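Here's a quick briefing to read alongside the structure. Have a look at it first, then work through the topics below.

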Amino acid sequence: MNFIIGAFKAPCNISITLSDGRTRKQVPLKKENGQTIMVPLFKSQENIIGEVAIEPVHGKKVEHTGVKIELLGQIELYLDRGNFYDFTSLVRELDVPGEIYDKKSYPFEFSTVEMPYETYNGVNVRLRYVLKVTISRNYVNNIVEYQDLVVHNYTPLPPINNSIKMEVGIEDCLHIEFEYSKSKYHLKDVIIGKIYFLLVRIKIKNMELEIRRRESTGSGQNTYVETETLAKYELMDGAPVRGESIPVRLFLSPYELTPTYRNINNKFSVKYYLNLVLVDEEDRRYFKQQEINVFRLLEIS
């Protein structure tokens, strides 16, 4: 991958090539400018092996005080843009001070890399992994090149996955029981459940199930919470009667969910909720919310 770096015309092109780049799975990554690029996918404890090539432009020589490659895991809060919090920082020195006249290649390897958190692009926070090549120079700008990586972490099926049973009630007006078959769901799972109407004395117009994502960043008084409704699924249109049972079957795969993240590096959390909403004929809304755990399933071949 060759790029012109910075606002000036760089005196060289830098390319970063992974040794297994042709066979490694590529996944889409949305950049800050809105563009989507395809980048290599990794999981924690993998080796990252490759080569950096530096090629001077039009016969120019590149004087430098050293060349290095870094593997960085970073968190950026959008309310503090430009400041990255590094939770992973590994460095390999590639060259001692000198001059580069012709194309030069440098192998690199980061072995069994601990990448504890998943790549995440949210409303107020971004967690990313990058390979960063720096050609250090005296008196002029350093030349820098980046290669994005995406990290996914996988979880086996939980041995215990309890069902969710809850009640919604308005005294002498409405009494509903609802049940979901489990409380932990993988990203391609199906939410299956039932809703029972035990008492209905108000005129309900419709009922729907929402999937909501709640992203929390910061802490204390500087906590920012952003809630998105990712899905709305109509369960019922029209008035139910006492004793009626409504089935629930909602596929998660069409929606852009991530796993649940809890207090990642003391910077942010992402949680998911099932929100059951009832609307009566006077457009009053009644709802009951239940947190669920979402994970990326480890597929055993």
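Start with the contacts: among those between residues at least 6 apart in sequence, 67% join residues at least 24 apart. Keep in mind that this is a predicted model. As for secondary structure, the protein has 22 strands and zero helices. Its radius of gyration comes out at 26 Å, well over the 19 Å that the globule rule gives for 301 residues, so the protein is more spread out than a compact globule.

**Overall build**

- The C-alpha trace spans about 85 × 45 × 30 Å along its principal axes.
- Buried residues make up 44% of the 301 in the protein.

**Nonpolar cores**

- The largest nonpolar core has 68 residues, and the ones touching the most other members are Ile48, Phe108, Leu131 and Ile195.
- A second, separate core has five residues, including Val27, Leu29, Leu41 and Val150.
- Leaving aside residues up to four places away in sequence, Phe108 touches a list that includes Ile16, Leu18, Ile48, Val52, Ile69, Leu94 and Leu131. Thr17, Gly50 and Glu51 are also among the residues that Phe108 touches.
- As background, nonpolar side chains in soluble globular proteins tend to be buried together.

**The largest pocket**

- This pocket holds about 1,500 Å³ of space.
- Its lining runs to 46 residues, and Pro28, His152, Leu257, Thr258 and Arg296 are the closest to its centre.
- By type, the lining residues split into 21 nonpolar, 17 charged and eight polar.
- Strands that each supply at least two lining residues are S2 (26–30), S3 (36–42), S10 (120–121), S11 (125–136), S12 (143–151) and S18 (224–237).
- S2 gives the most to that lining, with four residues.

- For context, most residues other than glycine have a negative phi.
- Thr112 isn't a glycine, yet it has a positive phi of about 45°. You'll find Thr112 in the loop between strand S9 (104–110) and S10, and it is partly exposed, with a relative accessible area of 47%.
- Asn266 isn't a glycine either, and its phi is positive at about 60°. Asn266 sits in the loop between strand S20 (261–264) and strand S21 (268–280). With a relative accessibility of 61%, Asn266 counts as exposed, because the cut-off for that label is over 50%.

Notes:
Residues numbered from 1 in each chain as written. Predicted model: local features only at pLDDT ≥ 70, side-chain atom pairs only at ≥ 80, totals over all residues. Heavy atoms only, no water. 1 Å grid on protein atoms, 1.4 Å probe; cavity = no way out; pocket = protein on both sides within 12 Å on 5 of 7 lines; lining within 4 Å. Points joined across faces, edges and corners; volume = space filled by probe spheres on them. Nonpolar A, V, L, I, M, F, W, Y, C, P; charged D, E, K, R; others polar. Core = buried A, V, L, I, M, F, W, Y, C linked by side-chain atoms within 4.5 Å. Buried < 20%, exposed > 50% of the residue type's maximum accessible area, 1.4 Å probe, protein only. Contact = heavy atoms within 4.5 Å. Rg over C-alpha atoms; globule rule 2.2 N^0.38 Å.
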